[in-house]
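Reader: I would like to go through this model with you and ask, for each label, what value stands behind it. Could you show me the sequence and the structure before we begin?

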Amino acid sequence: MKDILTEREQSVLFYVAQGLINSEIADKLHISVHTVKAHLEAIYEKFGVKNRVQAAMKAVVLGIIDLNIFI
């Protein structure tokens, strides 16, 4: 499933899992807030989820994000 996400989508999802808001993600990745939203919509569609919390949870379940990195 990790292969289905682009590298940028993985980066956005990583920051979502850290609890960052769209403007903070945009600043970190040097992209616009609009682009962050577009990446999130693509992630939601690929994962079959409706929001950022569900996307982050699915990423953990699928092993895309390791919660140990946040400890």
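Reader: Why is Val16 called buried?

Author: This is a predicted model, and the label rests on a computed area. The relative accessible area of Val16 is 8%, and buried means under 20%, so Val16 counts as buried.

Reader: Where does Val16 lie, and which residues is Val16 in contact with, leaving aside its neighbours within four places in sequence?

Author: Val16 belongs to helix H1, and, with those neighbours left aside, its contacts are Ile25, Leu40, Arg52 and Ala56. A further distance can be given for Ala55: its C-alpha atom is separated by 8.6 Å from that of Val16, although the two residues are 39 residues apart along the chain.

Reader: What makes H1 and H3 roughly perpendicular to each other?

Author: Their axes cross at roughly 95 degrees and come within 9 Å. Angles of 65 to 115 degrees count as roughly perpendicular, and H1 and H3 are therefore given that description. On the H1 side the contact is made by Arg8, Glu9, Val12, Leu13 and Val16, while H3 contributes Val36, His39, Leu40, Ala42, Ile43, Lys46 and Phe47.

Reader: How do you know whether His39 counts as buried or exposed?

Author: His39 has its place in helix H3, and its relative accessibility is 17%. Because buried means under 20%, the value puts His39 in the buried class. His39 touches Arg8, Glu9, Val12 and Ile31, when residues up to four places away in sequence are not counted.

Reader: What makes H2 roughly perpendicular to H3?

Author: The axes of H2 and H3 cross at roughly 105 degrees and come within 8 Å. That angle makes H2 roughly perpendicular to H3, because the range for this term is 65 to 115 degrees. Asn22, Ser23, Ile25 and Ala26 are the residues of H2 that meet Val33, Val36, Lys37 and Leu40 in H3.

Reader: Why is His30 called exposed, and what is said of its phi?

Author: His30 is found in the loop between helix H2 (22-29) and H3, and its relative accessible area is 73%. Exposed means over 50%, so His30 is exposed. As for the backbone, phi of His30 is near 60 degrees, which is a positive value in a residue other than glycine.

Reader: Which residue caps the N-terminal end of H4, and which residue just after H4 takes a positive phi?

Author: The cap is Asn51, with a side-chain oxygen that lies 3.1 Å from the backbone nitrogen of Val53. Just after H4, Gly63 takes a positive phi of about 80 degrees.

Reader: Why is Gly48 called exposed?

Author: Gly48 lies in the loop between H3 and H4, and with a relative accessible area of 66% against a cut-off of over 50%, Gly48 is exposed.

Reader: Why is the pair of Phe14 and Tyr15 called edge-to-face?

Author: The count comes to 1 aromatic pair. The ring centres of Phe14 and Tyr15 are 5.4 Å apart and the planes are at 70 degrees, so the pair is edge-to-face, the term used for planes over 60 degrees apart. Phe14 counts as partly exposed at 29% relative accessibility, whereas Tyr15, at 18%, counts as buried.

Methods:
Residues are numbered from 1 along each chain as its sequence is written. Side-chain values use heavy atoms; hydrogens and water are left out. A polar contact is a pair of N or O atoms within 3.5 Å; within protein, one must be able to donate a hydrogen and the other to accept it, and residues adjacent in sequence count only if both atoms are side-chain atoms. Helices (H or I, at least four residues) and strands (E, at least two) are DSSP runs, numbered from the N terminus. Buried means under 20% relative accessible area, exposed over 50%, partly exposed in between (1.4 Å probe, protein chains only). Rings of Phe, Tyr and Trp (its six-membered ring) pair if their centres lie within 6.5 Å; planes under 30 degrees apart count as stacked, over 60 as edge-to-face and the rest as tilted. Axes are lines fitted to C-alpha atoms, for helices over the stretch in contact, and angles run from 0 to 180 degrees between N-to-C directions. Angles under 35 degrees count as roughly parallel, over 145 as roughly antiparallel, 65 to 115 as roughly perpendicular and the rest as oblique. Contact means heavy atoms within 4.5 Å.
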